Structure formats: structure tokens, C-alpha cells
Amino acid sequence: MKLHFLGTGTSIGVPQMGCQCYVCRSADPRDKRSRCSALLETDVDPETGRTRLILIDCGPDFRQQMLRFLASHPEDGVLPYLHRSGVETSTEQAKAAGYFASRHYDYALPAIDAVLVTHEHYDHVGGLDDLRPFSVLQTVKICAEPNVAASIRRNLFYCFKERPYPGAPHLTMHEIRIGTDNGGEDDSFNIGHTRVTPIRVFHGKLPMVGFRIENMAYITDMTTMPDFEMQKLEGVDTLVVNALRIEPHPTHQSLAEAIAFAQRVGARQTYFIHMSHGAWRQEDSEQKLPENIHFAFDGLTIEI
């Protein structure tokens with residue numbers, strides 16, 4: 001598998017507008033951080049003969065992130081691009097599918113199979129409407145807890161009506177539940193042949209979700225994790241987790257807390273995300289962090 005970091009910054013991004021600190025003034029492009037999101041490229045699915053793409057969170061920078069990703073990952077037979085010819089559908093067929101008229105141009109985009117949503121804050125869901133061009137090719141499944149699903153349905157009501165607004169993204173909702181919250185039922189689910197296990201974490205007092213995906217775990221915006229959830233991280237090879245800043249914060253891990261958590265998990269490699277300008281510059285992190293712990297940065301791709 002491969003993980004593509006689309007965005008690695010906090011809700012306000014880096015640089016913070018108007019700030020003159022040494023991080024915000026950095027000329028290193030790795031210190032320019034958009035809102036957190038990642039694209040997981042799975043191993044080849046034997047059922048389809050192609051890899052699958054799973055998006056983790058979809059914030060307000062998603063459109064710009066994907067434009068950059070597409071520019072650096074052109075169609076080359078590796079990514080699962082889907083195509084649609086502009087002459088494939090008549091106007092009648094297009095209207096029946098929920099569009100204003102048939103498209104008279106060709107489409108070629110990677111196929112996003114599902115979006116895993118960690119929580120309902122805007123910096124993690126504000127780009128869902130920008131899934132519109134991807135849903136031209138196939139319906140996109142949104143995976144979220146029931147309360148988060150309700151928030152998305154309320155804010156994107158035009159996508160989930162019985163007769164959706166023409167031109168709205170074609171989305172379906174898959175509600176996920178965490179076994180420790182619902183009597184211990186198995187809470188894992190599959191996207192294709194890829195196993196996903198939700199993990200209960202807390203963002204201050206707000207319950208939210210981290211995800212274990214095969215041998216990788218992705219956790220953002222966390223302050224604490226209940227001890228009984230730690231078993232879900234046993235044997236994880238790659239850990240992605242938030243590290244907001246040097247100073248303590250009431251609803252996010254500090255760098256020291258993130259390092260301690262990473263060492264407790266003991267993954268082979270750990271990458272920090274959701275950094276603010278209160279964290280180190282990328283160059284500094286390479287000198288100060290333990291050997292197997294790194295700052296991720298926008299545009300980084302790692303093998304899992």
C-alpha cells in the first residue's frame with residue numbers, strides 16, 4: 001500500500017495569515033501545510049484487478065490538493081483511473097441520472113472508492129462537495145459515525161434528498177459503529193478487500209474516530225485514547241498521528257505527547273500530521289525527532 005499525504009496542517013493551515021513567526025516565514029515548501037487529508041492506495045484488489053483509493057477526511061483544501069496530486073500522478077497504468085466519454089449518454093439518460101444535460105467532454109480521474117471521516121469539524125469535511133467530478137465516474141461512499149453522518153446529511157442536504165439536486169455529487173452514506181460503544185459487536189468493515197477498523201479516540205471531550213487500515217493506523221485531532229482501544233494498534237507497522245505544537249493544548253496532542261504515544265505504540269515508522277505554526281520547521285524536526293518518527297508534509301508519499 002501507499003499513503004499520499006494531501007494535507008498535514010491544522011484547521012488554520014500554515015502559514016497562518018498575517019503571522020511573522022519563523023515557521024510562517026519559512027521558504028521551505030514542506031512548511032506550507034494545508035488542512036489534513038490523506039489518500040490511501042491499497043494493494044491490488046483481486047476482485048477488480050486494480051488498486052483502490054480510500055480518502056481519509058475531505059477538508060476545504062481538497063480541490064487544490066487533488067489538482068496538485070493529479071499533476072504529479074498522471075495516468076500511467078498504476079493508479080486506478082476511470083474514463084467516461086462525453087458521447088456515452090443522451091440528454092434523457094443524463095437527466096434521469098440527476099444531471100442537467102449530457103456531458104459533451106471526456107472524463108479521466110482516479111476512482112475514489114470511499115471516504116473515511118474522522119469527525120464533523122469543517123476542516124475535515126468542508127471539501128465533500130468537491131467530490132462532484134469524481135462521482136461522475138462512480139458513486140462515492142462516505143463512511144462516518146451516525147452523529148457525523150447526520151451532520152453531513154444536514155449540511156449537504158441537496159446530495160441526500162430522494163431527488164438530489166442536479167449536478168450534486170453522487171454520495172452514499174455508510175454508518176460505522178465502534179464495538180466498544182455498542183456491546184462489543186465487530187466494528188470492522190471492508191472496502192473491497194481492505195480491512196478497516198474504527199478506533200475510539202477523544203478530541204478534548206469530543207468522541208471521534210481513528211482508523212486502523214490493515215497494518216497502518218491513522219489518527220488525527222486526538223487528545224486521548226482509552227486504554228482498552230490500544231489493543232487495536234497491536235502489530236501496526238505505520239502510525240500516522242497528530243502533533244499540534246510544542247506547547248500543551250486542551251484538545252490536541254503536543255509534540256511531547258505525540259512522541260510518547262508513538263513510542264508506546266512502537267510502530268516501525270511514525271509520521272506526525274495536523275501541525276500548526278507552533279510546531280518546528282520541517283528541517284528542525286529531522287534533527288530533533290527520534291530516528292523512526294518524522295513530520296509528514298503535503299505531497300509526501302510513503303510505502304506501507
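This is a predicted model: local features need pLDDT of at least 70, side-chain atom pairs count only at pLDDT 80 or more; totals for chains, interfaces and linings use all residues.

Q: Switching to Leu255. Which helix is Leu255 found in?

A: Leu255 belongs to α7, which runs over residues 255-265.

Q: Is Leu255 buried or exposed?

A: Buried. The relative accessibility of Leu255 is 3%, and the cut-off for buried is under 20%.

Q: What does Leu255 touch, leaving out residues up to four places away in sequence?

A: Leu255 touches Ala243, Arg245, Ile246, Phe272, Ala279, Trp280 and Phe295.

Q: How far apart are the C-alpha atoms of Leu255 and His119?

A: They are separated by 22 Å, and the two residues are 136 apart along the chain.

Q: Now His124. Where does His124 lie?

A: His124 is in helix α3, residues 122-125. Its relative accessible area is 0%, so His124 counts as buried.

Q: What is His124 in contact with, leaving aside neighbours within four places in sequence?

A: The contacts of His124 are Cys36, Asp57, Cys58, Gly59, Thr118, His119, Thr220, Asp221 and His274.

Q: OK, zooming out. How many helices and strands does the protein have?

A: There are 8 helices and 16 strands. The radius of gyration is 19 Å, close to the 19 Å from the globule rule for 304 residues, so the protein is as compact as a globular protein of that length.

Q: What box do the C-alpha atoms fill?

A: Roughly 60 × 50 × 35 Å, along the principal axes.

Q: What share of the residues count as buried?

A: Of the 304 residues, 53% are buried.

Q: And of the contacts with a separation of 6 or more, what share comes from residues 24 or more positions apart?

A: Such pairs account for 66% of those contacts.

Q: Last one, charges. How many positive and negative charges are there?

A: The protein has 30 positive and 39 negative charges, and their mean positions are 5 Å apart.

How values were computed: Residues are numbered from 1 along each chain as its sequence is written. Side-chain values use heavy atoms; hydrogens and water are left out. Helices (H or I, at least four residues) and strands (E, at least two) are DSSP runs, numbered from the N terminus. The radius of gyration is taken over C-alpha atoms; the globule rule is 2.2 Å times the number of residues to the power 0.38. Buried means under 20% relative accessible area, exposed over 50%, partly exposed in between (1.4 Å probe, protein chains only). Contact means heavy atoms within 4.5 Å. Lys and Arg count as positive and Asp and Glu as negative; His and the chain ends are not counted. The place of a charge is taken as NZ of Lys, CZ of Arg, CG of Asp or CD of Glu.
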